[in-house]
Every structure is written in C-alpha cells, then in structure tokens.
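Subject: Structure handover and findings

Hello,

Here is the structure I promised to pass on. Please open it alongside this message. My notes follow below.

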Amino acid sequence: MNAQKANNTKEKVRKLQRKLYLAAKLNSKRRFHALYDKVYREDILIEAWKRVKSNGGIGGIDQITIADVEKYGVNKFLQEIQTELKEGKYHPKPVKRTYIPKGKDQKRPLGIPIIKDRIIQMAVKIAIEPIFEADFKDNSYGFRPKRNAHQALERIRKDTAKKGWWVVDADIKGYFDNINHEKLMILVKQRISDRRILKMIWKWLRVGVMEKGEQYESLIGSPQGGVISPLLSNIYLHYLDLVWEKHYNHLGKLIRYCDDFVVISRTRKEAEHGLKAVKYIMSKLELELHPDKTRLVNMWDGKDGFDFLGFHHRRKTTETSKGNKFQETHQFPSQKAMQKMRDNIKRVFASRSMLLLEVEDMIKILNPKIVGMRNYYGLKNAVKQLNKIDWYIIKKFTLWYNYKSQNKHRYAEISNVRQIIYKNGLKKLVD
C-alpha cells in the first residue's frame, strides 16, 4: 500500500470516528444500531491491521504470526475477513493462555487471541470507541485516546497539593477475572443496539481459554491481552466514575487509570466515607476491594505515602534557590518499579550468547530500553532513583566486559568500562 492511500485510509477512519463521537456527544441517550457494516469497510480493516501489526505480539492458538500474514498477503487476508463478516460466518477462536512476570514471584495471565480475531476486535473498537469516549469522564486516564499515565500523575500531584491530605489507596481484587458478563453487556447496550455487534462482543467474552491443549469456558471475566478488553474494562468501571461524580464527589477526587484508582480527600472522615462509597459501588458491579492492599494514607506529615502507576507519592519539603521552603508531593519510582527496571536490564545480560556480542551491539540493545524507562520515569523528583539504575547498568556492563575478557576480578576496570560505554553512545536515565 502506498503512503498516499495509507494517509487517505487514516483520514477516512478519523472522519467516521469524529462523526460518531459528535453524534454521541449531541445525544447522551442515543443508541447506535447501524455499526456492523462499518466494521468490514475496507478502510477500517486496513487501519485495524496497521494497529494490530504495530502492537506486535505472539500468535494465538493457530500459531499464525504477523509475519505469516504478510507472507500470505495482507490484502488477501483482509478480503477473506471482509467476506466472512459480510456473510455472517465469523466465529472467534479460544484465546491462548500465556503468563508474564508480575512482581518478584508472581505471574499474570494473558489471553492472546489469534491474529484474525485481533484485527476484527480492533475494527469493532475503531467503530464503537468514539461513542463511549463521548461519555467517559475526565477522571479516567487509562487506555484512552490522547490520555496517558503522566496526566493522571500530574492530576494527583496537584490534587494532593490542594489540601488533599488523605488518600484512599484502592486495589480491586482480580478485576479482569471477575467482570460480570451480563452486567457488562447491559452497560454496552446503553449505547449500542446493533445486534450483530453485541453478538460479537458476547462471543469474545464467552469464547474460552486454551491452555496446555485443554479448553476452558469463560463464564466470567475479560482476558487481558485482547484488543477489545481495555475498552470493555473502561465501560464497566465508567459506572464507578458516573456514580461517584453524581453522588460522592464531595468526598474527594477520584482518579482512575483502568482498574487502578485512588480517591484524594481533605480529611480522614471524608476518606473513610469515600472508602465505604467505593465498596458499595463495587458491590453493585460484583467486585470487591483487596482487603490487604486497600488502605487509607495520611499524606499530611510525609511519614507515609502510596504507590500508583509505578511511582511512590509522598509529601516532602522542597527548598527553592532563594532558600524558601514549601511542602509538595514528590513522585519517584516505587520499589517495585526499581526492581522492574533492574530486571529489564538484567535480562539483557543474562544469556551467555551475549558474550559473543561487541560493546556496540550491547548498546544498541540497551538504548531503547533506557530511553523507554527515562521517558516514563524521568519526572523531576526521580533523579536519585534513576541515578541508581544508571549505576546498576554500569556494574552489569563491567561484569559482562570482564567475563568476556576472562578477567577474574568482577568489577575491575569499572572506570574504564564506564568511559568506553558512554563514549560509544550508551544513553543515560539522568543526563
């Protein structure tokens, strides 16, 4: 596909989404019924493919990868999907259960759909997301267009500075595993009345999971890993945002990033009432807060803080260049985030095959990781923690260098190695 056609496709999709968003914004009670034919439009399927390809990832249970689709022929593959959808013959395959590390000893389950299902989910997402975006509240930041974690972090920083001295640090117990399908569909139906779209979403929820050759049905929950899952999870927890804004906003500011959220209150009493309100709303959604991970945090004296979105938040005294002192919320990588960064670096050096590479090759592998960490964690109060990661990288590089040179002194030449790696263009988390 040439660049001009690609741009035209993107523009056509953007126009459709804008039209749907404005129609939904104009009438908050409107239910949309003519959406299915949009899903198999050529421009929508092309855009869906581009987004799925850019997200990457492994293949599903059929073991077909993105590279396999390109070898087969993308246009041919999309035409077959289009025909299948037009003729109403589409049936999703079970998702492939895989696990990724979560913390030190835990693993988080992911459900990976096959490439075809990912493309169709993305096409449906393109069509229905603008409709729900018209309803979503400003306090919601996760997995939404033009919204990100840094905006949520900035909102926390500002709200805790405005007499937000008590925080409800909440944790939903097994959120993605406990979404009630029937209640989710009720919330989807408030905006979508197209039966074929609703039928597809229901099928994706119920399609089941394949693990070690065994298929398990899914009567509850929405598997993490599906293209449509973040949108569905936002639709489900939009109920929390809606009820909070309508009935409990006076108790504090709710800030949500997908299933992670905090409430920032002025007093302990407000925070206690806020926690009760959250528990009540969760019960309506058939969810519960984790008793060991949900707590009230007193931010007033800086003796306590809370972790959110990979950062630790704590009030500290800041001194200006003129010697004036003031209290503000400092945000710096949490202990979990620090360990995650170390593990990310450690994995690069873990394989013995890396000893065959040259310094320049190692730098090419490490630099994208360093830039990614710096882009996310590089807030103004994070310098001390990020310096530690820079030093950790130097030490790992020195171990690798000495092992490669068969030098038995593990940290010998550390100053020399430091010069070599930075001279050859290794990036830093702190410049």
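In which helix does Q17 lie? Q17 sits in α1, which covers residues 3-26. Before going on, please note that this is a predicted model.

Is Q17 buried or exposed? Its relative accessibility is 16%. The cut-off for buried is under 20%, so Q17 counts as buried. Leaving aside residues up to four places away in sequence, Q17 touches R51, I126 and P130.

- β6 with β7: five bridges, antiparallel. L254 has V263 of β7 as its bridge partner.
- β7 with β3: six bridges, again antiparallel. V168 stands opposite V263 in β7.
- β3 (residues 166-171) with β8: four bridges, antiparallel. D169 has R295 of β8 as its bridge partner.

How many of the six residues of β7 are buried? Five are, so β7 is largely enclosed by the rest of the structure.

β6 and β7 also make a hairpin, with two residues between the strands. C258 takes a positive phi there, near 55 degrees.

**Helices on the sheet**

**Helix against helix**

Two helix pairs come next. Two packed helices are described by the angle between their axes and the distance between the axes.

Take α8 and α9 to begin with. Helix α8 spans residues 181-189, and helix α9 spans residues 195-206. They pack at an angle of about 155 degrees, with axes 11 Å apart. That makes α8 roughly antiparallel to α9. The crossing of α8 past α9 is right-handed. From α8, the contact uses H181, E182, L184, M185, V188 and K189. From α9, it uses L198, I201, W202, L205 and R206. Sorted by class, this contact holds seven nonpolar, one polar and three charged residues.

Now α5 and α6. How do their axes cross? The axes of α5 (residues 74-86) and α6 come within 11 Å and cross at roughly 65 degrees. That makes α5 roughly perpendicular to α6. Here, too, the crossing is right-handed, with α5 passing α6. On the α5 side are F77, L78, I81, E84 and L85. They meet I115, K116, I119 and I120 in α6. By class, the contact has seven nonpolar, no polar and two charged residues.

**Backbone points to check**

Two loop residues deserve a look. Q63 has a positive phi of about 65 degrees, although it is not a glycine. It is found in the loop between α3 (42-55) and α4 (66-72). Is Q63 buried or exposed? At 65% relative accessibility, Q63 counts as exposed.

F143 also has a positive phi, near 55 degrees, and is a residue other than glycine. F143 lies in the loop between α6 (115-133) and α7. Its relative accessible area is 46%, so F143 is partly exposed.

That covers my notes.

Best wishes

Note on methods
Residues numbered from 1 in each chain as written. Predicted model: local features only at pLDDT ≥ 70, side-chain atom pairs only at ≥ 80, totals over all residues. Heavy atoms only, no water. Axes fitted to C-alpha atoms, helices over the stretch in contact; angles between N-to-C directions. Parallel < 35°, antiparallel > 145°, perpendicular 65-115°, else oblique. Left-handed = near helix turned anticlockwise from the far one by under 90°. Contact = heavy atoms within 4.5 Å. Nonpolar A, V, L, I, M, F, W, Y, C, P; charged D, E, K, R; others polar. Pairing = 2+ DSSP bridges. Buried < 20%, exposed > 50% of the residue type's maximum accessible area, 1.4 Å probe, protein only.
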